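Trainee: Could you walk me through reading a structure like this one? I would like to start with sheets and move on to a ligand site and some single residues.

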Amino acid sequence: MTVVTPPPDDSILRAEGLTKVYLMGEVEVHALRGVDCTFHRSEMIVLLGASGSGKSTLLNILGGLDVATSGRFWFRDQELTAADQKTLTRYRRRHVGFVFQFYNLIPSLTARENVALVTDIADDPMSPEAALELVGLGPRLDHFPAQLSGGEQQRVAIARAVAKRPELLLCDEPTGALDYRTGVLVLEVLQKINRELGTTTAIITHNAPIARLADRVITLADGRIVGEERPTEKADARELTW
Amino acid sequence: MKALDRKLLRDLRHLGGQILTIALVVACGVASFVALRGNYASLELARTTYYERYGFAAAFASLERAPRSLLADIEAIPGVARAEGRIVEGVLVPLEPGVRPISGRVVSVPPHGASLNRVDLRQGRLLEPGRNDEILLLEGFALARGIEPGHRLPIVLNGRRREMRVVGLVASPEYVFAVAPGDLAADPTRFAVMWMGEEAVAAAFAMEGAFNDVAVTLQPGASERAVLHELDLRLEPYGGLGAYPRARQPSNYMVSGELTQLRSMSSVVPAIFLAVAALLLNLVLSRLVLLQRGEIAALKALGYHSGEIGLHFAKLVVLIALAGAGLGAAAGAWLGAAMTELYQHYFKFPNLEFRFDLSSAIGSLLVTLLASGIGTFAAVRGVLRLAPAEAMQAPPPARYTRSWLDRLELGRLVGTAPQMVLRELRRRPLRTLLSSVAIASSVGLTVVGGFYYDATEELVRTQFFDVMREDVTVTLTGPRPERAVRELGHLPGVLRAEGRRELPVRFRAGHRFRDGVVIGYPEDAELRALRDKNGRAVSIPPGGLVLTDKLAELLGLEVGDRLTLELREGSRAHEEVTLSGLVDESFGLQGHMHLTALSQLVRQEPLVSSVLLQVDPAHSRELHRRLTDLPAVAAVGSRDELLQRFREQSAGMILVFTLIITFFAVTITFGVVYNNARVALSQRSRDLASLRVLGFTRAEVSAMLLGEMGVQVLLAIPLGLFFGRGLVWALGTTMDPETYRLPLLVTVRSYAFATLVTLIASLLSALVVRRKLDSLDLIAVLKTRE
Ligand SMILES: Nc1ncnc2c1ncn2[C@@H]1O[C@H](COP(=O)(O)OP(=O)(O)OP(=O)(O)O)[C@@H](O)[C@H]1O
Ligand SMILES: [Mg+2]
């Protein structure tokens, strides 16, 4: 019998024994095989792991995009394990910001309008202009995604994710489609937001050097957490090379 | 404005052409509904209020002559509320000297005014009691002839010419559709109906204290059938010609026929359009949803509820439907008003005006929304049910499998492009089928457009060229001895004269009956050809009776069966006869016999009531002048003139109808082909761009895309021709078979026309898409990620 200990005060997200099994016809794919983890307030977390190790799956579940096969998880003191779609949507709407590898901007909306998409439905958002200013895109407000470079598009996506002042910012390979220089620019923005707004930030990456930005590095392999370390010295995004 | 709504507007603009074509299809559906339904409602309302207001009777009967005292007996029939006796007689109006007179009808008006079938005074004043030279004239005729109150009009009453003064122009519920008896087409210039003081009419026709026509109204809840039966019994001794209900009153009968057709058209035509619109919306929406899978997923990840996203797409559909419905309502109001104006030429309801029926417009909007909703629901539901994380991934590559078709190794024979087309079709068989069905419906509509032309031409060919071989028909004032035929035969220019007897009868078989005439022909008659439904000549057997096949069908008779002829003239006996043959006729319901046999049946010497003349054109004028002066002549009809009028009347209607229906059909074809091609283009632009990069030419790439549409169109055409034939048949069942019967015939010409229209519309839409395809930005397409 497990005794459920209430999360410590500064924990914002907590998971226990998360598993995820995909059924591909006859074959069962175990994407997660029992993951326990806790994200703390204002923490910067980097998730590392080989391709197929379950990073995206974990983040999707923690972000309320997907549902675990078994296990439990809490946002603050609200258990979301068995939450229905409506509750999960409300959770994402109020508390979570997503940044995807392929930006997923709405091509028919300008940068400003893409951010407005979120500020329209958030409780206490910053203005789209302020959010874009934060990512250094003040002068590109009225440009459509097709008129922006990959890095700029990703920064719009970040502005869109943070405009609602989320408690949680989940980024799945935010620099995956970007070259080194642009990647650094994007990471700088993420770091700035983590510092200035105190947003708990989780970043999935294949680039080990990025781990130097983290307060904590979590490594996954084959659906399990196999390592957790706290870098002794937190680097600045500008200093990174890979 | 919310960012999501802004996206909606941008999507709308991006889909411009597709939205326009769908909105147009919706507009056609709504327009046809508003126009047809509005005309139905307007005509129905005009009829009800007009009849009510002017006391249109519930039943009518004509007779030879009865004393006015009989009216009390008639009013005593259980169920009869009121009876009014009148004198109704044929007259001639020799408008211009030397030109044959116009046939007309005079109706007597009691000194204190009629209580039933009252006239509706349009101009001038009503009759003043005691002034025996005053008449009221039917407005339609007066306007067509430029006659105004105050004018004097020569009238031949019972062979005597009198000058009458027109004091008022009137309309009447009995003559809303005024067609002279025995005439095939309504012509306001050729039928003069007038109302005259009872005293004057009685004096002219020696009918003092008598009547020859009676109209009755019924008490609420009375049995019409029983009253008609009683009426027949009461009138029998006075030469009753058979009582008939309001439904069979000639003018009302025509109005009812039109109403029936309007009602069925107003449901079938809009239904076709709305179904096609639903199909197109489904096509476009499901593609849009698939294309925007990533965007929908992002919206969900950002915290939008499924309901909000569903609403977003619903708004798109509602906007299209609203735009279409708005346009359709406006077009329908215009079209409906134009139709009403046409109707005003035929149906003289002074109160007939097109009423834009808001409830029918709203009703059609609701139906449109429902249809669009059905079209959209399936498309949107699938994606909304996806978990946001799953929707994140691009749809997996479409699955293709090798089929038996591939195993035939057709590819080697036909090349790669056709093979790609075939695979694409096979992958979406339902879409191919539905698209073909939609195009087929437009082909079918076009066939119907052609049918009206074909049928009218065929009617003209058989009726005016095969059946009627005479040049002139002379109607006599009553049955006359055969000597009259010889007299007419001696007139200048007459090559051949044939007398006929038209004997009014009631055909009865068991409990079924119809009123009509039996026509008696001389043994050697040549001027009227009788044909069976296969076009073979039918000769009347000596002593036998031949019926219009439709009449036999209505009475449930077959050749060899017995039926009763209740004669309305001469002996007035009820005679049993055997049905000895059937003829196929376009107009009316009648029987045919030899004159001698008919005379024996009525127990009279051979009499004739009309004479057919074959005339040398050179003497035509002279002949008409001579005919004018003969007192025994009631009316003179010329085949050429009749034909010309028939053509004039039908040509305009048919042209308008064909144009509208062709436009409608083009809208559907264009909408389907264009939308299909655009959807296919957006779906496969990557493949096609890749092919272009690989070195395929524009033409080759277009062929791959448009080949698919080509196959759909080619499938649709035979299906549509078949469907059109079915529609024509269905339309035939809504037309009243008792006045005239349009041959249910579609010619090769119409099939070809429908095919051509479809091909041209398809080609045009293909060209538009081809231009899009040519301007495909290879780099942009390959760079963007779906
Ligand atoms: N929808 C799915 N259906 C079936 N299997 C899936 C699905 N999504 C993920 N998987 C499987 O689950 C496992 C974990 O996938 P996941 O996307 O979490 O890996 P990842 O660590 O993010 O890899 P990458 O670094 O390549 O993005 C993989 O083996 C993957 O094939
Ligand atoms: Mg991943």
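Mentor: We will take the features one at a time, starting with sheets. Keep in mind that this is a predicted model.

Trainee: Happy to. How do I begin with a sheet?

Mentor: Start with the general idea: strands of a sheet pair through backbone hydrogen bonds, either parallel or antiparallel. Then look for the strand order. In chain A, an open sheet of four strands runs β2-β1-β4-β5, and its pairing is antiparallel.

Trainee: Which strands of chain A stand at the edges of this sheet, and why does one side of each lack a neighbour?

Mentor: They are β2 (27-40) and β5 (78-79) of chain A; each has a single partner strand, so one side of each has no neighbour in the sheet.

Trainee: How many bridges pair β1 of chain A with β2(A)?

Mentor: Eleven bridges, in the antiparallel sense, with β1(A) covering residues 11-24. To see one of these pairs, find A:Leu23, whose bridge partner in β2(A) is A:Glu28. Helix α1 of chain A (residues 55-62) packs on this sheet, where it touches β1, β2 and β4 (70-75) of chain A. The direction of α1(A) makes about 120° with that of β1(A).

Trainee: What is the strand order in the open sheet of six strands in chain A?

Mentor: The order there is β6-β7-β8-β3-β9-β10, and the pairing is mixed. The edges are β6 (96-99) and β10 (224-229) of chain A; since each has a single partner strand, one side of each is left without a neighbour in the sheet. On average, neighbouring strands of this sheet are turned by 20° against each other, direction ignored.

Trainee: In which sense do β6(A) and β7 of chain A pair, parallel or antiparallel?

Mentor: Parallel, over four bridges, with β7(A) spanning residues 168-172. A:Gly97 stands opposite A:Leu169 of β7(A). Lying across β6 and β7 of chain A is helix α5 (residues 150-162), which runs at about 170° to β6(A).

Trainee: Now the ligand. Which residues come nearest to ligand 1?

Mentor: Begin with the shell, then go to individual atoms. Ligand 1 has 14 residues around it, and the nearest are A:Ser51, A:Gly52, A:Lys55, A:Ser56 and A:Thr57. The elements β1, β2 and α1 of chain A each supply at least two residues of this shell. The largest share, three residues, comes from α1(A).

Trainee: Let's turn to chain B. How many residues of β4(B) are buried?

Mentor: Seven of the eight residues in β4 of chain B (102-109) are buried. To place this strand, look at its partners. β3(B) (residues 88-93) pairs with β4(B) in the antiparallel sense over six bridges, and B:Val88 stands opposite B:Val107 in β4(B). β9(B) (residues 192-197) runs parallel to β4(B), joined by six bridges; here B:Ser108 has B:Met196 as its bridge partner.

Trainee: How do I judge single residues? Is B:Phe211 buried or exposed?

Mentor: Compare relative accessible area with the cut-off: buried means under 20%. B:Phe211, in strand β10 of chain B (residues 210-218), has 0% and is therefore buried. Beyond its sequence neighbours, its contacts include B:Leu63, B:Leu70 and B:Ile74. B:Arg68 is 143 residues away from B:Phe211 in sequence, yet 6.4 Å away in space, C-alpha to C-alpha.

Trainee: Is B:Lys550 buried or exposed?

Mentor: With a relative accessibility of 17%, B:Lys550 counts as buried. This residue lies in helix α17 of chain B (residues 549-555), and its side chain makes a polar contact with that of B:Glu553 at 3.1 Å.

Trainee: What does B:Arg625 count as?

Mentor: Partly exposed, because its relative accessibility is 40%. B:Arg625 sits in helix α19 of chain B (residues 620-629).

Key: Residues are numbered from 1 along each chain as its sequence is written. Chains are lettered from A and ligands numbered from 1 in the order in which they are written. This is a predicted model: local features need pLDDT of at least 70, side-chain atom pairs count only at pLDDT 80 or more; totals for chains, interfaces and linings use all residues. Side-chain values use heavy atoms; hydrogens and water are left out. Buried means under 20% relative accessible area, exposed over 50%, partly exposed in between (1.4 Å probe, protein chains only). Two strands pair if DSSP finds at least two bridges between them. Contact means heavy atoms within 4.5 Å. Axes are lines fitted to C-alpha atoms, for helices over the stretch in contact, and angles run from 0 to 180 degrees between N-to-C directions. A residue is near a molecule or strand if one of its heavy atoms lies within 4 Å of it. A polar contact is a pair of N or O atoms within 3.5 Å; within protein, one must be able to donate a hydrogen and the other to accept it, and residues adjacent in sequence count only if both atoms are side-chain atoms. Lists of a residue's contacts leave out its neighbours within four places in sequence.
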